[in-house]
Amino acid sequence: MSYKIMGITAGRKNSNSEILLKAALMACEEQGADVTMINLRDFNILDCSGCTACTGAMAQGKYVGCTLEKKDDKKRIMDVMLDQDAIIVSVPTYDLMPASPYITFAQRSLSYETSFLEKINVIEHKDRVAGLISVGGSTRSWQAMALEGLQATMFTTDFKVVDMMMATRVPAPMQCLADDELLARARKLGQNIMKSVATPPAERGWLGEPDMGWCPNCHSNLLALGEPQWDGTYYPIECAVCGAGGTLEKTEDGKWKFVIQENGLLKDRTTVAGRGLHLDEIGETQIGLFRSPEKQAKIAERKGMFLEKKFKGID
Ligand SMILES: Cc1cc2nc3c(=O)[nH]c(=O)nc-3n(C[C@H](O)[C@H](O)[C@H](O)COP(=O)(O)O)c2cc1C
């Protein structure tokens with residue numbers, strides 16, 4: 001059986017993100033994969049308008065898709081992407097995070113929220129995996145949210161991240177071609193993707209560097225101080241990506257370690273169940289507003305002042 005693997009990039013033409021992606025995809029092709037590759041810069045992708053028509057309908061058990069569906073290329077790409085066994089995403093880092101052509105594309109995926117669509121029987125569950133590549137001119141210090149920003153776009157369509165790599169210090173076009181280690185690591189990422197798709201979904205695990213990042217759950221390198229959540233859940237320290245909660249502990253060799261506490265994976269955003277709890281939060285917060293005459297009165301009283309107020313803009 002031939003596995004379907006799709007590469008998605010948003011970098012300069014014939015440059016680092018494309019080349020490293022190709023190195024990974026070539027390793028997949030060598031193992032018999034059916035490979036597709038696109039650069040998002042070749043497509044017209046509009047910004048999400050924030051209308052929430054998609055989730056509004058889903059909340060009532062209906063499917064309407066996206067209001068922009070016929071206006072750009074998003075659906076054309078998603079039809080192929082969601083039919084894959086795996087994707088490899090390779091994106092340049094701009095201002096510490098993934099470049100905007102990719103983010104614009106990813107933030108148009110709300111109407112494809114797999115946990116919602118499965119719940120209202122529009123789609124059947126499909127297990128897919130992903131490998132992520134961030135490409136920047138500097139070291140990790142200047143790519144602080146790059147891989148984590150890519151990880152954050154994987155939940156909505158349920159791609160399980162099994163490997164990630166960061167290409168550092170490749171600012172010039174094609175500079176990665178002079179770096180043996182980077183090319184070899186990209187190839188390894190492709191091989192890991194093939195290994196993962198050939199593994200039964202329940203047994204698929206992390207194949208990247210075992211000690212990568214702070215978080216033992218999703219391997220992100222971003223931690224945040226916790227604050228009480230809407231339902232009272234409180235963790236002293238949270239993983240900014242998957243939401244795992246716990247504390248920092250000092251190991252015997254004097255290093256710091258993020259230790260996930262007993263109920264710390266309750267809201268793990270990489271799982272359908274964890275995301276489901278966030279849907280409960282949205283419901284509670286929005287329904288809470290509709291049910292509160294006091295809040296409705298405040299909005300009715302105050303809105304005129306803000307809607308009528310105008311400042312000068314730019315011609
Ligand atoms: C607008 C802009 C912002 C950038 N910001 C960063 C950054 O914050 N960190 C970094 O490491 N590199 C940054 N870079 C460098 C690119 O990530 C680097 O040139 C990379 O090789 C681009 O990938 P590509 O060759 O696939 O297009 C920036 C480049 C541009 C054009």
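**Figure 1. The ligand shell in the predicted model.** Among the 19 residues around the ligand, those that come nearest are Gly-11, Ser-15, Ser-17, Pro-92 and Gly-136. The model shown here and in the following views is a predicted one. By residue class, the shell around the ligand comprises nine polar, eight nonpolar and two charged residues. Two elements, α1 (16-30) and β3 (86-94), each contribute at least two residues to this shell. Strand β3 provides the largest share, with three residues.

**Figure 2. The open sheet β7-β8-β9-β10.** Four strands, in the order β7-β8-β9-β10, make up an open sheet with antiparallel pairing.

**Figure 3. Pairing of β9 with β10.** Five bridges link strand β9 (residues 245-250) to β10 in the antiparallel sense. Within this view, Gly-246 is placed opposite Ile-260 of β10.

**Figure 4. Contact between the two domains.** According to the domain assignment, the chain contains domain 1 (4-212) and domain 2 (217-306). The centres of domain 1 and domain 2, taken over C-alpha atoms, are 24 Å apart. Contact between them involves eleven residues of domain 1 and twelve residues of domain 2. On the side of domain 1 that touches domain 2, six residues are nonpolar, three are polar and two are charged.

**Figure 5. Leu-96 in the loop between β3 and β4.** Leu-96 lies in the loop that runs between β3 and β4 (97-98). Although Leu-96 is not a glycine, its phi is positive, at about 75°. Leu-96 counts as partly exposed because it has 15 C-beta neighbours inside 10 Å, a count between the limits of 12 or fewer for exposed and 20 or more for buried.

**Figure 6. His-219 in the loop between α7 and β7.** The loop between α7 (180-197) and β7 holds His-219. This residue, His-219, also has a positive phi without being a glycine, with a value of about 70°. Inside 10 Å, His-219 has 24 C-beta neighbours and so counts as buried, the threshold for that class being 20 or more.

Key
Residues are numbered from 1 along each chain as its sequence is written. This is a predicted model: local features need pLDDT of at least 70, side-chain atom pairs count only at pLDDT 80 or more; totals for chains, interfaces and linings use all residues. A residue is near a molecule or strand if its C-beta atom, placed from the backbone, lies within 6 Å of it. Ala, Val, Leu, Ile, Met, Phe, Trp, Tyr, Cys and Pro count as nonpolar, Asp, Glu, Lys and Arg as charged, and the others, Gly among them, as polar. Two strands pair if DSSP finds at least two bridges between them. Domain bounds come from an automatic or database domain assignment. Two residues are in contact if their C-beta atoms, placed from the backbone, lie within 7 Å.
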